[in-house]
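Subject: Structure handover

Hi,

Here is the structure for your files. My notes on it follow below.

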Amino acid sequence: MSAIYYSENEIKAMEWLMRESPTYFTREVSAILVLMYARESCMVRESLTAFLSNYPYLNNRQCVSDSLNILLEKDYLVQQRDIGTGFYKIKINDNIIQMLKTSYGQNVSLLEQSREKLECIKTFGKTNSNDNSSLFYKRMQQAQSEISIVYIATEPYISTVSVLKSILMNVNVKIKLLVANDEICRRLRGVNSPAQKWYEEFKEFKNFEIRVYNSIEGTQIATSTLVDQKVLRMTVFDIMKQRTADGYMLEIVNMMGYEMNLIQIYCEKFNKIWQEADIYKENRIIRLIKKPLFINFVICIFCFGLYLFILKNTGSPIIIPIIFGFFLEKIMESVLLKIKELRRR
């Protein structure tokens, strides 16, 4: 049995045809008619026979050929000469719906429903030419499980941060962010990696994780966002000559049970880069410098050194000991708060 199968609507249409005229509409004839209509196929006979033979009930090519003859005789299928190649192609008769309505009534709507309009890909033109972000922000806010994002050196802009924070309020949604390391960012953008800035914005969220990729491979799928492995927004651009903002924006969607190959390829590439990337941890020196205890300690040492210098040369003005005492008190407060926290734990 072939791995390729029929959609639910196609099966319903086939069953309807077989019920209406079981003698004429055998399973094979019904399957071909529905496939030709639903998939809007138009091929030369040899290619069409090979194509149809991939489906269940149609594995016998002779049977497929015989069924095509039956449908051609009834004018449900027609042959049309291709102007470019000169070959004759078989296609569905444009009047098929009206012909079936005349013979079998209004239930022909089941056949009409088999022609699924899979709007699986959309183009939005130049990335920086239109404000496409609002629509995609809405898509992101519908996330149920995971959002995967890849940037090169994009900083955490206010609008993006606001949307992502609102999404992260749902603890069931995890956001994975990949950004380039300093070397790649300097080489392509002339700036340092924005990893620290992203970390600062989202460090309180346990369902947000940032990693830094060290291979140029990561830039191949920037700037992109995948929502629940269903909706992919991706930029098409020249990595070495363009910013992602100069590229073209595509949106690919998995619809009606389909899994599009571009999304599968993206997932595989993202997961590989994610596994090889470094988990971002805030620089210890930066973290120390930002602590109030450290700042007060440095000021205190500075004041003490200044006090000794002035005392040695001119005598001590009262302002230096006052400043020293103020920051020393701040240090003691910080130490006591830390002790209380440790006791509570």
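**Helix packing**

H3 passes H4 in a right-handed crossing. A crossing is right-handed if the near helix is turned clockwise from the far one by less than a right angle, and left-handed if anticlockwise. Helices (H or I, at least four residues) and strands (E, at least two) are DSSP runs, numbered from the N terminus. The contact involves Arg45, Leu48, Thr49, Ala50 and Leu52 of H3. On the H4 side, Arg61, Val64, Ser65, Leu68, Asn69 and Leu72 take part. Contact means heavy atoms within 4.5 Å. By class, the residues of this H3–H4 contact are six nonpolar, three polar and two charged. Here Ala, Val, Leu, Ile, Met, Phe, Trp, Tyr, Cys and Pro count as nonpolar, Asp, Glu, Lys and Arg as charged, and the others, Gly among them, as polar.

Before the geometry, the ground rules. This is a predicted model, in which local features need pLDDT of at least 70, side-chain atom pairs count only at pLDDT 80 or more, and totals for chains, interfaces and linings use all residues. Residues are numbered from 1 along each chain as its sequence is written, and side-chain values use heavy atoms, with hydrogens and water left out.

Two packed helices are described by the angle between their axes and the distance between the axes. For H3 (residues 45–52) and H4 (residues 61–73), the axes come within 9 Å and cross at roughly 120°. That makes H3 oblique to H4. Axes are lines fitted to C-alpha atoms, for helices over the stretch in contact, and angles run from 0 to 180 degrees between N-to-C directions. Angles under 35 degrees count as roughly parallel, over 145 as roughly antiparallel, 65 to 115 as roughly perpendicular and the rest as oblique.

H4 also meets H2. Their axes come within 9 Å and cross at roughly 70°. H2 and H4 are therefore roughly perpendicular to each other. H2 contributes Glu28, Val29, Ile32 and Leu33 to the contact. H4 contributes Cys63, Val64, Ser67, Leu68, Ile70 and Leu71. The residues of the H2–H4 contact divide into eight nonpolar, one polar and one charged.

**The sheet beside these helices**

Three strands form an open sheet in the order E1-E3-E2, with antiparallel pairing. Two strands pair if DSSP finds at least two bridges between them. E1 (42–44) and E2 (77–81) stand at the edges, each with a single partner strand, so one side of each has no neighbour in the sheet. The twist averages 35° from one strand to the next. Three bridges join E1 to E3 (residues 88–92). Met43 has Ile90 of E3 as its bridge partner.

Helices cover this sheet too. H2 (residues 27–38) lies across E2 and E3, at about 95° to E3. H3 packs on the sheet, touching E1 and E3, and its direction makes about 115° with that of E1.

**Backbone points to check**

Where is the cis peptide bond? It runs from Ala222 to Thr223, with omega near -20°. Thr223 sits in the loop between E7 (208–213) and E8 (224–227).

Asp75 has a positive phi of about 70°, although it is not a glycine. Asp75 is in the loop between H4 and E2. Asp75 is partly exposed, at 41% relative accessible area. Buried means under 20% relative accessible area, exposed over 50%, partly exposed in between (1.4 Å probe, protein chains only).

Asp228 has a positive phi of about 55° and is not a glycine either. Asp228 lies in the loop between E8 and E9 (231–236). At 16% relative accessibility, Asp228 counts as buried.

**Buried spots**

Four of the five residues of E5 (residues 146–150) are buried, so E5 is largely enclosed by the rest of the structure. E5 pairs with E6 (residues 174–180) in the parallel sense over five bridges. Ile149 stands opposite Leu177 in E6.

Gly247 is in the loop between E9 and E10 (248–253). Buried or exposed? Gly247 is buried, with a relative accessible area of 0%. Gly247 and Gly125 are 122 residues apart along the chain, and their C-alpha atoms are separated by 8.3 Å. Leaving aside neighbours within four places in sequence, Gly247 is in contact with Gly125, Lys126, Thr127, Thr235, Val236 and Phe237.

**Whole chain**

The chain has 14 helices and eleven strands. Buried residues make up 40% of its 345 residues. Among contacts between residues at least 6 apart in sequence, 67% join residues at least 24 apart.

Best wishes
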